[in-house]
Each structure stands twice: as C-alpha cells, then as structure tokens.
Amino acid sequence: MKILVLFIKLSALHLEYFKYSFNLLCLRGVFLKKGCYFENAVFFVQSIGFFVGFVGFLVLFSWLFNVEFLRQWVSGTISMKFTTAVSFFVTGFLLFFFG
C-alpha cells in the first residue's frame with residue numbers, strides 16, 4: 001500500500017513538472033495555436049490513456065473468452081500476455097482519471 005501511495009505522489013509531482021514545461025513552451029511560442037492552455041495537454045493525456053486502457057481491455061477480454069485474434073493482432077507474432085494486458089489497462093485507467 002505504501003508503494004502505491006508513493007507512486008501516486010510521484011505521478012502528481014511529474015504532472016506538475018509537465019504542466020510547468022508545457023506552459024513554458026506555450027510562452028515561448030512553440031505551440032502556435034491561439035489559446036495555448038494546460039487543458040489541451042490534459043485532454044491529450046486523457047486521450048492517450050483511454051486508447052491504452054481500451055487496448056488493454058480488448059486483450060483482457062480475449063484472454064477471458066479465448067478470442068485469439070485480439071491477443072495476436074498480426075499473424076505469426078507473439079501474443080500479448082495477460083499480465084501485460086493488465087498493465088496496459090491499469091496504466092490507461094490511471095492516465096485517464098488522474099492525468
């Protein structure tokens with residue numbers, strides 16, 4: 001449990017650093033869109049989190065119901081393992097809800 005709390009604190013610290021860096025890039029004119037706000041970055045991170053979590057969910061679904069083509073997207077390659085799918089799902093969940 002202590003490791004989870006430490007992970008959440010480090011994630012929050014990393015998010016603050018990302019917010020600071022993103023705002024510096026906006027001030028320097030790296031992003032040319034009108035109205036460069038931190039909310040755009042949050043939406044981007046949440047979109048990535050949704051995609052990663054959805055891929056993890058699809059692979060978990062394929063392991064639970066024995067659907068081979070969702071585990072192995074390209075024929076002849078190694079399939080995604082169950083623990084990797086759980087990691088994708090948890091990472092996507094955390095990015096979507098806490099990103």
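Hi everyone, and thanks for coming. Before anything else, please keep in mind that we are looking at a predicted model.

Let's start with the whole chain. The protein chain has 4 helices and 0 strands, and if you read along the sequence, the pattern is α-α-α-α. There are 99 residues in the protein chain, and buried residues make up 21% of them. The chain exposes about 8,000 Å², with carbon and sulfur atoms supplying 75% of that area. Now think about contacts between residues with a separation of 6 or more: 47% of those in this chain involve residues 24 or more positions apart.

Here is one example of two places that are separated in sequence. Ser87 has its place in helix α4. The C-alpha atoms of Ser87 and Gly56 are separated by 7.4 Å, and these two residues are 31 residues apart along the chain. Is Ser87 buried, partly exposed or exposed? Ser87 counts as partly exposed, because its relative accessibility is 42%.

You can find Arg71 in helix α3, which covers residues 68–71. Is Arg71 buried or exposed? Its relative accessibility is 10%, and buried means under 20%, so Arg71 counts as buried.

Which residues does Arg71 touch, leaving aside its neighbours within four places in sequence? The list is Val59, Ser62, Trp63, Asn66, Ser79 and Met80. Let's visit some of these partners.

We'll take Trp63 to begin with. The charged end of Arg71 sits over the ring of Trp63, at 4.3 Å from the ring's centre.

Next comes Asn66, in the loop between α2, residues 38–65, and α3. The side chains of Asn66 and Arg71 make a polar contact at 2.7 Å. The backbone of Asn66 deserves a look too: its phi is positive, about 55 degrees, although Asn66 is not a glycine.

Ser79 counts as buried because its relative accessibility is 16%. Not counting residues up to four places away in sequence, Ser79 touches Arg71 and Gln72.

Side chains of opposite charge can pair when their charged atoms come close. How many salt bridges does the count give here? The count comes to 1 salt bridge. Glu68 forms a salt bridge with Arg71, and their closest N and O atoms are 3.6 Å apart. Both residues lie in helix α3, and they are 3 residues apart, about one turn of the helix. Glu68 is partly exposed, with a relative accessible area of 41%.

Let's move on to the aromatic rings. A pair of aromatic rings is described by the distance of the centres and the angle of the planes. The structure holds 5 aromatic pairs, and I'll walk you through two of them.

One is Phe50 with Phe96. Their ring centres are 6.1 Å apart and the planes are at 55 degrees, so this pair is tilted. The pair links distant parts of the chain: Phe50 is in helix α2, Phe96 is in helix α4, residues 82–98, and the two are 46 residues apart. Phe50 is exposed, at 52% relative accessible area, while Phe96 is partly exposed, at 31%.

The other is Phe93 with Phe97. Here the ring centres are 4.8 Å apart and the planes are at 55 degrees, so this pair is tilted as well. Phe93 and Phe97 both lie in helix α4, 4 residues apart, about one turn of the helix. Phe93 is partly exposed, with a relative accessible area of 41%, and Phe97 is exposed, with 52%.

Which residues do the ring pairs link into a cluster? They are Phe50, Phe54, Phe93, Phe96 and Phe97.

One is Arg71, which has a salt bridge with Glu68, a polar contact with Asn66 and its charged end over the ring of Trp63. The other is the cluster of Phe rings, with Phe50 and Phe96 among its members.

Notes: Residues numbered from 1 in each chain as written. Predicted model: local features only at pLDDT ≥ 70, side-chain atom pairs only at ≥ 80, totals over all residues. Heavy atoms only, no water. Buried < 20%, exposed > 50% of the residue type's maximum accessible area, 1.4 Å probe, protein only. Polar contact = N/O pair within 3.5 Å; in protein donor to acceptor, adjacent residues only side chain to side chain. Contact = heavy atoms within 4.5 Å. Areas by Shrake-Rupley, 256 points an atom, 1.4 Å probe, with all protein chains shown as cover. Salt bridge = Lys/Arg side-chain N within 4 Å of Asp/Glu carboxyl O. Phe/Tyr/Trp six-rings, centres within 6.5 Å; stacked < 30°, edge-to-face > 60°. Lys NZ or Arg CZ within 6 Å of the ring centre and 35° of its normal.
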